[in-house]
Amino acid sequence: MNRRTLPSLLGLIALLMPMLLWAAPQQLILSHVVSPDTPKGKMAEMFKSIIEKKLGDRYEIIIHSNASLMDDDEAVTAIAEGRIHFAAPSLSKFESYTQQLKVFDLPFLFPDMNAVNRFQKSPTGQALLSSMESQGILGLGYLHNGLKQLTADRPFTRPEDLAGLRFRTMNSDVLIKQFELLNAEAVPMAFSKVYESLANRSIQGQENTWSNIFSQAFYDHQPYMMISNHGVLDYMLITNSEFWSGLSEEERRSFRFALEMSLKYGNAVAKAKSANDKIELGRMKGVSVYEPSADELTVWQTAMQPLWASYEGLIGEKVIQAAQQAGRP
Ligand code: LMR
């Protein structure tokens, strides 16, 4: 190198220095299975916007909606293994990791969403957030969707009307047994497969919240619905434990702030959507929404409730009692 090229080389390095020092923000993956226009979709967008405002030089949140990256079962494993950073699967989708969350699947345990909310906020509900920590999954908070309703391709008002029908369930053995108690056939299936399975008639019914029934257009093939409110479909926002403990204290504070804001917002959206989508469905031509009387509902309760006793050992009596207590404020 001659004496003349050295200064120009140093000049070039000085010019490139800021670029060399600048590192692209780390991409954090948030995967979910519903549409952007749902409580979870809206929560995810708000979470992204707050984090990128606060820590945008360090992190970028990449949202994959509609199961475009993976289904929930895989997302739970991917979180445990640290392959993705955030997900918010339904509370029914953790059975390979903990038995305690099955409490949320017990039919007719929660009379309304206020009871669900109270239980989630109770010491027992909060302790469940860390029940999978040793397996790499840390719960950061709960997100509501709402109470589940039954839908089918034919009219039904009594449990025996469902006998012999194939009902899609989430992959949870409580939910599978719930349909078996009704003498229906339970077909566990990923959410992303439900619409096509209803369309090709390989299943004849399903259970879900008003917002999922509406946003996925299940009504196209499920014109008969019952206001059963028989179970709850809520979510746990989860992250990988190691990723979380590797963040600095200041970063964790920002993430906690973003979570608090976005979960609050998602919960407000859930409440509004549950009410609005129920009304929208009720107004649809060709859709029939049946409202059972209190006595009729008791018949459904009597058919499904034996499940409580058979899961008491697995879930834990104390957890079930705390959930029941939240229903009697
Ligand atoms: C389902 O599989 O029915 C739900 O968990 C989908 C969702 O995330 O709301």
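A cavity is a set of grid points where a 1.4 Å probe fits but cannot get out. The exercises below apply this and related terms to a predicted model.

**Exercise 1.** Determine how many cavities of 30 Å³ or more the structure holds, and describe the largest cavity and its lining.

*Solution.* 
Step 1. The count of cavities of 30 Å³ or more is 1.
Step 2. The space in the largest cavity is about 70 Å³.
Step 3. Its lining is made up of 13 residues, of which Lys93, Met170, Phe191, Asn212 and Leu233 are the closest to the centre.

**Exercise 2.** Classify the aromatic pair of phenylalanine 104 and phenylalanine 119, and state which parts of the chain the pair ties together.

*Solution.* 
Step 1. The structure holds 15 aromatic pairs. In the pair of phenylalanine 104 and phenylalanine 119, the ring centres are 5.5 Å apart and the planes are at 55 degrees.
Step 2. Planes under 30 degrees apart count as stacked and those over 60 as edge-to-face, so this pair, at 55 degrees, is tilted.
Step 3. Phenylalanine 104 belongs to the loop between strand E3 (86-87) and helix H4 (113-121), whereas phenylalanine 119 belongs to helix H4; the pair therefore ties together parts 15 residues apart in sequence.

**Exercise 3.** Decide whether phenylalanine 104 and phenylalanine 119 are buried or exposed.

*Solution.* 
Step 1. Buried means under 20% relative accessible area.
Step 2. Phenylalanine 104 has 1% relative accessibility and therefore counts as buried.
Step 3. Phenylalanine 119, at 0%, also counts as buried.

Definitions and conventions:
Residues numbered from 1 in each chain as written. Predicted model: local features only at pLDDT ≥ 70, side-chain atom pairs only at ≥ 80, totals over all residues. Heavy atoms only, no water. Phe/Tyr/Trp six-rings, centres within 6.5 Å; stacked < 30°, edge-to-face > 60°. Helix = DSSP H or I, 4+ residues; strand = E, 2+ residues; numbered from the N terminus. Buried < 20%, exposed > 50% of the residue type's maximum accessible area, 1.4 Å probe, protein only. 1 Å grid on protein atoms, 1.4 Å probe; cavity = no way out; pocket = protein on both sides within 12 Å on 5 of 7 lines; lining within 4 Å. Points joined across faces, edges and corners; volume = space filled by probe spheres on them. Nonpolar A, V, L, I, M, F, W, Y, C, P; charged D, E, K, R; others polar.
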